[in-house]
Amino acid sequence: MDRRFGSWVWLSFGVLASLSWGGERVPEYANDLGPETIDVSSYPPEMQESYKLLQAKCVRCHGAARAINSELTDAKDWARYIKRMQMRPPCCNVCPVISLSDAKAIWRFLSYDSQVRKTGPNALSWEKHRLSLLQAYREKFPEKYQERYGQAANHRKEPL
Amino acid sequence: MKKYAFLFAIAITGFSAVSLTSAETVIPAALTYAPEVPPAVARQAPAVVRVDLRTEEKVGVLMKGFEEGTKYTFWTFNGHVPGPFIRVRVGDTLEVNLKNPKANSMDHNIDLHAVTGPGGGAAITLPKPGEEKTARFKLLNPGLYVYHCAAPPVTEHIANGMYGLILVEPAEGLPKVDREFYVMQSEFYTKKPFGEEGLQSFDAQAASAEKPTYIVFNGMVRSLMDEGTLKAKTGEKVRVFFGNGGPNLVSSWHIIGEIFDSVYREGSVTGPQHNIQTTLVPAGSASIAEFGLEVPGDYTLVDHSIFRIEKGAMGILHVDGPERPDIYKKIQ
């Protein structure tokens, strides 16, 4: 009985999830399908603070998943990306004004986090995670996948 | 005898006239740098107003960054981009002294759009490095005008930051306002993309193709944000002197959430138009906008050719004051 109830719950979740993707808008990036949070308890306190900032500022315009599951790893790429985000006007009170110091903190966090989670000993597991997101995106949104990633040689590039 | 007395009288008169001319009062211009504006001209009569300008080629910040920032070798008037705001009165004689220090690599000059005569003054103000030139110009037409360097190649001198605004007030002055700001839009063309840190170099091909890397207010990305945010209060009337140094693009200047009560289009101070949402400001021209502030909040200055905000064309006017639910309120 319990097992059957559990199956119904999972099925309902699945239906709701597909309805929400189908009825609303298609996620912009494969990143958006991944987790919205990460465990930063082992990070230095300064990075934990910056993570809070990322969660507060970035989610005003898009899910934190977009940054967390991004293929970007290089500090230089992150700098270019964040500077672009800084140039969103705060006209409808949705896009936050990201001050230079906030932007710098978010940049430091994303550069640090990329090194920890996406390179070195974690490079393989990260690669696997990233590919699974791309695979799921291709299956669920083939047209958008083609538009977003189809032109890139390895089908993995995120346009900056 | 009578003949000698007559000649003596002429000589005395001539001497007096020369003395009067040499004793002529020359007033130093009060110069300010963006976003500050000098006070209105209080004089009721024309005067000779002297402006001292020094050309300077210097490395400055085009965009603050996370490490060293984006730097650029600006060519400037008095070390600033834009150059100083010059405020004079119609009928004044502008005496411009232009020094070009030896350390510079280029000849420089000044073409003031407010000046009547060849090159707007450029033809007689072209010091080589280590030289200086002085010239006088009678200002015949009131208005808000751009000035810029026109030394060859003029394209590069403007692209590197040599421009500013000169206001020639009408005899009766401009209507009184509570605050005035000086804002100037311009583009920069670099070989590396937007936000790249370190010293950037000028990209002549991008400039020729009119594809700027940066479009900024007052010479730097976010110069009117963070600590540079413009500030005012509700109940105040504000005037913005908005110039466009170009070198290429026409600005669709707009303030999100405001309607310009009066706009003196293209800097013509003779007759404003009213209730303007967005005003076109051509490269090498200017506009004066006046507006009352009723509702508190942040008002974003943009070039409404809107993708340009991503290249830097954005600033904020922060307005403090009590809420005005009679004008602006959320229902649900």
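Predicted model: local features only at pLDDT ≥ 70, side-chain atom pairs only at ≥ 80, totals over all residues.
I'll start with the contact between the chains. On the chain A side, 12 residues are in contact with 14 residues of chain B. Two elements each give two or more residues to that side of chain A: helix 4, residues 75-86, and helix 5, residues 100-118. Helix 4 of chain A supplies the largest share, four residues. By residue type, the side of chain A that touches chain B has seven nonpolar residues, four charged and one polar.

Now to chain B, and strand 8, residues 143-148. Is this strand enclosed or open to the outside? Six of its six residues are buried, so strand 8 of chain B is largely enclosed by the rest of the structure. The burial applies to both faces: G143(B), Y145(B) and Y147(B) lie on one side, and L144(B), V146(B) and H148(B) on the other.

Strand 8 of chain B has antiparallel pairings to report. With strand 9, residues 163-169 of chain B, there are six bridges in the antiparallel sense. In that pairing, Y145(B) stands opposite I166(B) of strand 9. With strand 6, residues 111-112 of chain B, strand 8 pairs over two bridges, again antiparallel. There the bridge partner of D111(B) is H148(B).

The largest nonpolar core has 84 residues. Y145(B) and I166(B) are among the residues with the most contacts inside this core, along with L165(B), Y182(B), V183(B) and F241(B). Take V183(B) as an example. Leaving aside neighbours within four places in sequence, V183(B) is in contact with A34(B), P35(B), F217(B), N218(B), V240(B), F242(B) and L301(B). There is also a second, separate core of 18 residues, which includes I98(A), A105(A), W107(A) and L110(A).

Last, a sheet in chain B. Five strands form an open sheet in the order 13-21-20-15-18, and the pairing is mixed. Which strands sit at the edges? They are strand 13, residues 230-233, and strand 18, residues 278-281, each of which pairs on one side only. From one strand to the next, the twist averages 20°. At the strand 13 end, four bridges join strand 13 of chain B to strand 21, residues 314-320, and these two run parallel. One of the bridge pairs is L230(B) with L317(B) in strand 21.

That is the end of the talk.

How values were computed
Residues numbered from 1 in each chain as written. Chains lettered and ligands numbered in written order. Contact = placed C-beta atoms within 7 Å. Nonpolar A, V, L, I, M, F, W, Y, C, P; charged D, E, K, R; others polar. Pairing = 2+ DSSP bridges. Axes fitted to C-alpha atoms, helices over the stretch in contact; angles between N-to-C directions. Core = buried A, V, L, I, M, F, W, Y, C linked by C-beta atoms within 7 Å. Buried ≥ 20, exposed ≤ 12 C-beta atoms within 10 Å, placed from the backbone.
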